[in-house]
Amino acid sequence: MHELGILSSLVHTIDGIVKKEGLTEVEKVVIEVGELSGIVPRYLEQCYPAAVYKTFMENTELELITVPGIVKCRECELVFNAAANDLCCPGCSGQNFEILEGNDMVVKEIVCR
Ligand SMILES: [Zn+2]
């Protein structure tokens, strides 16, 4: 599954941060997921226990924050909040956009005990 692969690399990323910062006993990770990232937060939650099983993140909690997809129309320069399945400019019905926000997944915070 797509999300499981994403989580595996997430565990790897967090492992790197934890080692670099000298953190111990991670309790919770806070992740921002962009609406246009193609990642489904619900699936991430479902896959999480399997992804962290037998890693240092086993028994940690996952908190997801959804970041709205903000795009700018290249035709009329209108900036608007876009849903991934309905990407059409409300100003000119154009379909040529620059994504300003909500296109990726970011580790927002690592909470330790
Ligand atoms: Zn437009």
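Guide: Let us begin with Val18, which is in contact with Leu23, Val26, Phe56 and Ile110, its neighbours within four places in sequence being left aside. Please note that this is a predicted model.

Visitor: What makes these residues contacts of Val18?

Guide: Contact requires heavy atoms within 4.5 Å. Leu23, Val26, Phe56 and Ile110 are therefore counted as contacts of Val18.

Visitor: Why is Val18 called buried?

Guide: Val18, whose place is in helix 1, has a relative accessible area of 9%. Buried means under 20%, so Val18 is buried.

Visitor: Which residues have the most contacts inside the largest nonpolar core?

Guide: They are Leu7, Ile14, Val29, Ile31, Leu44, Tyr48 and Met57, in a core of 20 residues. Helix 1 (2-21), strand 1 (26-34), helix 2 (41-52) and strand 2 (61-67) each supply at least two residues of this core. Helix 1 gives the largest share, six residues. Apart from this core lies another, of seven residues, among them Val71, Ala82, Cys89 and Phe97.

Visitor: Why might such residues be found together?

Guide: In soluble globular proteins, nonpolar side chains tend to be buried together.

Visitor: How do you know which residues are the protein donors of the zinc ion?

Guide: Donors are N, O and S atoms within 2.8 Å of the metal. The SG atoms of Cys73, Cys76, Cys89 and Cys92 lie 2.3 Å from the zinc ion, and therefore they count as donors. In sequence these donor residues are spaced C-x2-C-x12-C-x2-C.

Visitor: Why is the site of the zinc ion called tetrahedral?

Guide: Four donors count as tetrahedral if all angles lie between 85 and 135 degrees. The angles among the four donor atoms are 105 to 114 degrees, so the site is tetrahedral.

Visitor: Is Cys73 buried or exposed, and what is said of Cys76?

Guide: Cys73 has a relative accessible area of 1%, which is under 20%, so Cys73 is buried. For Cys76 the value is 37%, which lies between 20% and 50%, and Cys76 is therefore partly exposed.

Visitor: How do you know that strand 3 and strand 5 pair?

Guide: Two strands pair if there are at least two bridges between them. Four bridges join strand 3 (residues 70-73) to strand 5, so these antiparallel strands pair. Val71 stands opposite Ile99 in strand 5.

Visitor: What makes strand 4 and strand 5 edge strands?

Guide: The open sheet of three strands has the order 4-3-5. Strand 4 (79-81) and strand 5 (97-101) each pair on one side only, and are the edge strands.

Conventions:
Residues are numbered from 1 along each chain as its sequence is written. This is a predicted model: local features need pLDDT of at least 70, side-chain atom pairs count only at pLDDT 80 or more; totals for chains, interfaces and linings use all residues. Side-chain values use heavy atoms; hydrogens and water are left out. Donors are N, O and S atoms within 2.8 Å of the metal (3.2 Å for Na, K and Ca); water is not among the atoms, so sites may look incomplete. Four donors count as tetrahedral if all angles lie between 85 and 135 degrees; four count as square planar and six as octahedral if opposite donors are over 155 degrees apart and all others between 65 and 115; anything else is irregular. Buried means under 20% relative accessible area, exposed over 50%, partly exposed in between (1.4 Å probe, protein chains only). A nonpolar core is a set of buried Ala, Val, Leu, Ile, Met, Phe, Trp, Tyr and Cys residues joined through side-chain atoms within 4.5 Å.
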